[in-house]
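I opened this entry to keep a record of what I looked up, chain by chain and then across the interface.

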Amino acid sequence: MTAAMPRGRGKNGVLEQDPKLPPVAVSEKDHERENRWTLPKILLWAAIALLGAVAWTMLAIVRGETVNAIWFVFAAVCTYLIGYRFYAKVIEKYILRPDDRRATPAEILEDGKDFVPTDRRVLYGHHFAAIAGAGPLVGPVLAAQMGFLPGTIWIIVGVVLAGAVQDYTVLFFSMRRSGRSIGQMARDTLGRIGGTAAIIASLLIMVIIIAILALVVVNALGESPWGVFSVGMTLPIAIFMGLYLRFIRPGKITEVSLIGFVLLMAAIIGGGAVAGTEWGQAVFSLDRTTLAWALIIYGFIAAVLPVWLLLAPRDYLSTFMKVGVIVMLAGAIVLVRPEISVPAFTDFASNGAGPVFSGSLFPFLFVTIACGALSGFHALISSGTTPKLIEKERQTKFIGYGGMLMESFVAIMALVAAISIDQGIYFAMNAPAALTGGTVEHAAAFVNSLGLTGVHVTPEMLTNTAAGVGEPSIISRTGGAPTLALGLAHIMHQLIGGPSIMGFWYHFAIMFEALFILTAVDAGTRVARFMLQDSIGAFFPRFRDVSWRPGVWVCTAIMVAAWGYILILGVTDPLGGINTFFPLFGIANQLLAGIALAVVFAIVAKRGRSYVRWLWIIAVPLAFTAVITITASLYKIFSPVPGIGYWANNAKYRAAQAAGDGSLGTPEVVEAVIRNTAVQGTLSIIFVVLTAIVMVVAVIVGIKAIRDGVSDDGEDAPVPSRRFAPAGLIATRAERGLEAQWAEHDAAQPVGRGASRH
Amino acid sequence: MTVIARTQIPAVRSAPAAWRWVRSAASGIRWYVTALMGDSAYDTYVAHQRAHHPDAEVPTERQFWRDRMADQDRNPGARCC
């Protein structure tokens, strides 16, 4: 046993293992032996690479009339496998260098509540449920206006080289710092200025993200009695679940989630019946402004209510639905294998004149699809709960890198669902009302005038599609959610239920997106309030006391007012809303990614000389995010094209106002555009300034560390581990051997070592 | 006849094995779902307290969940977009 044990590396023997315990890590020798290339392994990886290459060829080079959706699945999965097996391994070996002989925070600080060594497969599910929400379902749908290829390449390549790298490294470094948040790491690593900029940016980003997600929900539910009823029913259902868990059967979460799920299905079916009645239409047909106000009031109430009543139970429901729906959609795509007739590229990729959002492929594709390829928001999650639950250091690759690959796969499925519907219908749904005029005749004429090859819609097609899913209209249902819902309904009805059940599937999809978003709205408002309370607390200490109700109310009201203001601007925007505001969402998210990568860059630079050679692994995605966020922001600030530049548009409408020119709309419309573009333009300026500060500070810190030969990145002192668990999804032979030794050891102990199953 | 009998015998013999397999798969799924959703949080906590602080008082399950929710109220966690 002792022979197989790795030698302690520490000079003072800090990592010498307890000789009475079985080994806590796979020995170097076994590790090397298992990594040796054998013929079957070479053949397997050659086959994966070959299948991936064929799939990419089918997508990118072969130009048939249609392409089968199955190639998207193969291209994605094979690329992920190769990225995970090879690139993530390089990161592990040269940048992070995890050491299973070191105890993780979960082991050192184990308290049975916040710090719990958790089975890696369970934690993978946890982490995935925390990172994946509505984001990967929206961006790819909007980006489909450029054709399927730009989005597909960015989602798949971006995740391997950028998104998963960020999640993995942030998770690892947070774990080495007892689960410190990215904000705290920024302060520790970048000093006061960089740290403060990072915290202001996170707060601002939170506000933008909540506002845009809320806008997506409002757009999906506006004038849709079925949707309003079924999504509205989630509130009483969640409250019922909360009461059940509090007073009837505490802790029976799976049981209550199943009950909630059944009630949810009943609400969707019931919604169809209610929407068919006259009173149902009268009560539940709400216009978008009313819905926006309802959401703002709801947001305030939900954020001050105790979590057990609404937030926690809905979160359970949302986790339950998330995993279920994703598995279902993946299965359906593989079984139905829809033929895709959308071209690989449309002219909008190069001319930037797309109706869904304006701007050409570079840089706007990369800010439209954030979640799924690279999402800065994940840095908040990867440095929050997850690092406190990791059992062994080497599991960070599976959870951090692997978790993000799964999110990317969700984004690919959303893209496939969106492009499986008719392209003409896609544009009629996603072009703003300012262009489609809101009627089927106008919308059909507009879409046909876009000059897209193979696109011809008739007003009847649009009316029939709407009727097929039980909606009054599908014209200008911007925001991505309705398009995805239609795509999902289109795929699912071929598998289960036939055309008569399209309406059910459509509202099922709307419902589960709304669930994610409402949870994100509540949780985001709470986190933002918490940050604000903390900041105000620096001047008025009373605000730090989170149980002081007036402080809670004031700070909640401020945060709700902030996102509510942007939401109202978006809803009433004469130019559309999603098309003008969505770029801000993407820019904000990528900016946060830039900050996270900058922090990681500085940490790696401080680790020592042998790490500097591999710093490019972080520098490449960092430089890329810097370039896209800064370029996109500069376009948004300085572009002279009114469709792209916020200030150019502002000047155009100001000139019209001064000249009393009524050709751009009524005075109120002109006024609204001037106000909205000013808000958008100001936010763009703040974002770009904050990004520049953080990046510059990080580069200075990094270069200084390299020059001074620093070899201390500020992580916690190592503590020897006293437990073992495999690193990846499937245990290797050596890992199984160690597990058996541990099982034998544990059985010989008088007290069992917890209920965790290996 | 004999052919049928032959195929039947292993089927009969392997029935308990197949049943065992189904049962272990079902219990695996049950373990995963309940662990993921958090049903086992209380048991984990009790096991931890018994092993590390045998003298400390263990709260009831009801109280445990109340405290946990109160913790979440004080310390909100983000959910991603």
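I began with the secondary structure of chain A, which has 30 helices and two strands; helices are DSSP runs of H or I with at least four residues, strands are runs of E with at least two, and both are numbered from the N terminus. I noted before going further that this is a predicted model, in which local features need pLDDT of at least 70 and side-chain atom pairs count only at pLDDT 80 or more, while totals for chains, interfaces and linings use all residues. Residues are numbered from 1 along each chain as its sequence is written, chains are lettered from A and ligands numbered from 1 in the order in which they are written, and side-chain values use heavy atoms, with hydrogens and water left out.

**Chain A, overall form.** I looked up the radius of gyration, taken over C-alpha atoms, against the globule rule of 2.2 Å times the number of residues to the power 0.38. For 758 residues a compact globule would come near 27 Å, and chain A, at 26 Å, agrees with that. The C-alpha trace of chain A spans about 85 × 60 × 55 Å along its principal axes. I then found that 60% of the 758 residues of chain A count as buried, where buried means under 20% relative accessible area, exposed over 50%, and partly exposed in between (1.4 Å probe, protein chains only). Of the contacts in chain A with a separation of 6 or more, 82% are between residues 24 or more positions apart, a contact being heavy atoms within 4.5 Å.

**Chain A, backbone details.** I recorded a cis peptide bond from Phe362(A) to Pro363(A), with omega near 0 degrees; Pro363(A) has its place in helix α15, residues 361–368. Arg97(A), although not a glycine, has a positive phi of about 50 degrees, and I located this residue in the loop between α3 (70–96) and α4 (105–108) of chain A. Arg97(A) is partly exposed, at a relative accessible area of 28%. Arg337(A) also is not a glycine and has a positive phi, of about 45 degrees; Arg337(A) lies in the loop between α13 (311–336) and β2 (339–340), and its relative accessibility of 42% makes it partly exposed.

**Chain B.** I counted three helices and zero strands here, and buried residues make up 25% of the 81 residues.

**Interface.** I found 34 residues of chain B in contact with 57 residues of chain A. The two chains bury about 3,800 Å² between them, 63% of it on carbon and sulfur atoms; buried area is the accessible area (1.4 Å probe) that two parts lose on being put together, summed over both. Met37(B), Arg79(B) and Cys81(B) supply 22% of the area that chain B buries against chain A, more than any other three residues.

Which residues form the one salt bridge that the rule finds across this interface? I found Asp73(B) paired with Arg526(A), their closest N and O atoms being 3.4 Å apart, under a rule that asks for a side-chain nitrogen of Lys or Arg within 4 Å of a carboxyl oxygen of Asp or Glu. On the side of chain B that touches chain A, α1 (2–37), α2 (41–52) and α3 (61–74) of chain B each supply at least two residues, and α3(B) gives the most, with 12 residues.
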